[in-house]
Amino acid sequence: PIFIEPQNQTGDSEFFLLGLSDDPELQPLLFGLFLSMYLVIMLGNLLMILAVLSDSHLHTPMYFFLSNLSLTDISFSTTTVPKMLVNLQTHSKSITYAGCLTQVTLFPLFTCMDSLLLAVMAYDRLVAICQPLHYLVIMSPRLCGLLVLLSFFISLLVSQLHYLMVSQLSFCADVKIPHYLCEPSQLFKLACSENFTNDILIYFIGAIFGGIPLSGILFSYYRIVSSILRIPSAGSKYKAFSTCGSHLSVVCLFYGTGLGVYLSSAVSSSPRKDAVASVMYTVVTPMLNPFIYSLRNRDIKSALWRMVQRIG
């Protein structure tokens, strides 16, 4: 094999993203489908952010975290979908080494940010239900800002670890990645250099930075359910739990699809099937999040309607 030193050959190295299918007849259909989904992601999440910013009734901790989640979802999808659309439209599968490293850095950043924000939002619901009288004191603007900044810096650390691991690899000429994005685990398999340590390390990082937020969410909901069960009135129980319904739906969607991709990659020997499964949490989840929050939330719907009336 011809070895490429990534540090010295960054500008010359060409990688190839094989995408979801090689069938030329499917390319226009895939382009139309993913373009439509990407536009829905952008429009839905931007409307959510604008609604929160423009309506003073929504200047609360919950909606502050929700607007940050929407911004993260936009960034999350923009890391991969535009490049996939360009490749589908131009019938080219190439991506530069620098472009690949950019995806390797940004994809874990926004994945981890999503996970941490969902954990922070679970804590917000815990305080709102278990300590309603002290909610605004505990969830002060300063604490909310610190929680988002902390989530960002932890995510940045995770992304830099991924970058460092991949940038140390040596690749053979003509690197064909059976995915629509530069996924670190796929790059480790294609590297010419020894990568057993990297494989162990990347699963360890995933277990720590994915498992800890999920544990926090589960603990928060354990406390929330325990608190709700002590409420005597059935109507009050429903009202209390309904405030968590949207968040719980998004958590199940995010972690459910993520776990599905992990299990399918462990069971299936086809990387292409893993790529198709990955669409669920890289594209479908960010697309559905605004609908889940707006359809189940009267405040968001009212804010969107007032915004439309002001524009009209």
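Biologist: Is Arg-306 buried, partly exposed or exposed?

Modeller: Arg-306 counts as partly exposed, because its relative accessibility is 31%. Buried means under 20% relative accessible area, exposed means over 50%, and partly exposed is in between, using a 1.4 Å probe and protein chains only.

Biologist: Before we go on, what sort of model is this?

Modeller: This is a predicted model, where local features need pLDDT of at least 70, side-chain atom pairs count only at pLDDT 80 or more, and totals for chains, interfaces and linings use all residues. Residues are numbered from 1 along each chain as its sequence is written, and side-chain values use heavy atoms, with hydrogens and water left out.

Biologist: Back to Arg-306. Which side chain does it meet in a salt bridge?

Modeller: Asp-55, at 2.4 Å from N to O. A salt bridge here is a side-chain nitrogen of Lys or Arg within 4 Å of a carboxyl oxygen of Asp or Glu.

Biologist: Where do Asp-55 and Arg-306 sit in the chain?

Modeller: Asp-55 is in the loop between α2 and α3 (61-78), and Arg-306 is in helix α12 (residues 298-311), so the pair ties together parts 251 residues apart in sequence. Helices (H or I, at least four residues) and strands (E, at least two) are DSSP runs, numbered from the N terminus.

Biologist: And Asp-55, buried or exposed?

Modeller: Asp-55 counts as buried, because its relative accessibility is 5%.

Biologist: How many salt bridges turn up in the whole structure?

Modeller: Three. One of them joins the side chains of Lys-93 and Asp-22, at 3.6 Å from N to O. This pair links distant parts of the chain, 71 residues apart. Lys-93 is in the loop between α4 (81-90) and β3 (94-96), while Asp-22 is in the loop between β2 (14-17) and α2 (27-54).

Biologist: How accessible is Lys-93? And Asp-22?

Modeller: Lys-93 is partly exposed, at 29% relative accessibility. Asp-22 is exposed, with a relative accessible area of 52%.

Biologist: What about Asp-124 and Arg-125?

Modeller: Their side chains also meet in a salt bridge, at 2.9 Å from N to O. Asp-124 is buried, at 1% relative accessible area. Arg-125 is buried too, at 7%.

Biologist: New topic. How many aromatic pairs are there?

Modeller: Five. Rings of Phe, Tyr and Trp (its six-membered ring) pair if their centres lie within 6.5 Å; planes under 30 degrees apart count as stacked, over 60 as edge-to-face and the rest as tilted. One of the pairs is Phe-64 with Phe-65, which is tilted, with 5.7 Å centre to centre and 55 degrees between the planes. Phe-64 is partly exposed at 32% relative accessible area, whereas Phe-65 is buried at 0%.

Biologist: How do Phe-254 and Tyr-255 pair up?

Modeller: Edge-to-face, at 5.2 Å centre to centre and 85 degrees between the planes. Phe-254 counts as buried at 8% relative accessibility, and Tyr-255 is buried at 16%.

Biologist: Now helix α7. Is Phe-153 buried or exposed?

Modeller: Phe-153 counts as exposed, because its relative accessibility is 51%. Phe-153 lies in helix α7 (residues 141-167).

Biologist: His-162 is in that helix as well. Buried or exposed?

Modeller: His-162 is buried, with a relative accessible area of 9%. Not counting residues up to four places away in sequence, His-162 touches Val-104, Pro-108, Pro-184, Ile-202 and Ile-205.

Biologist: Last one. Where does UniProt place "transmembrane region"?

Modeller: The unreviewed UniProt entry places this feature at several spans, including residues 29-53 and 135-158. UniProt positions are in the numbering used here, feature names are shortened, and annotations may be inferred rather than shown by experiment. In the model, residues 29-53 are 100% helix and 0% strand, with end C-alpha atoms 36 Å apart. Residues 135-158 are 92% helix and 0% strand, with end C-alpha atoms 31 Å apart.

How values were computed. Contact means heavy atoms within 4.5 Å.
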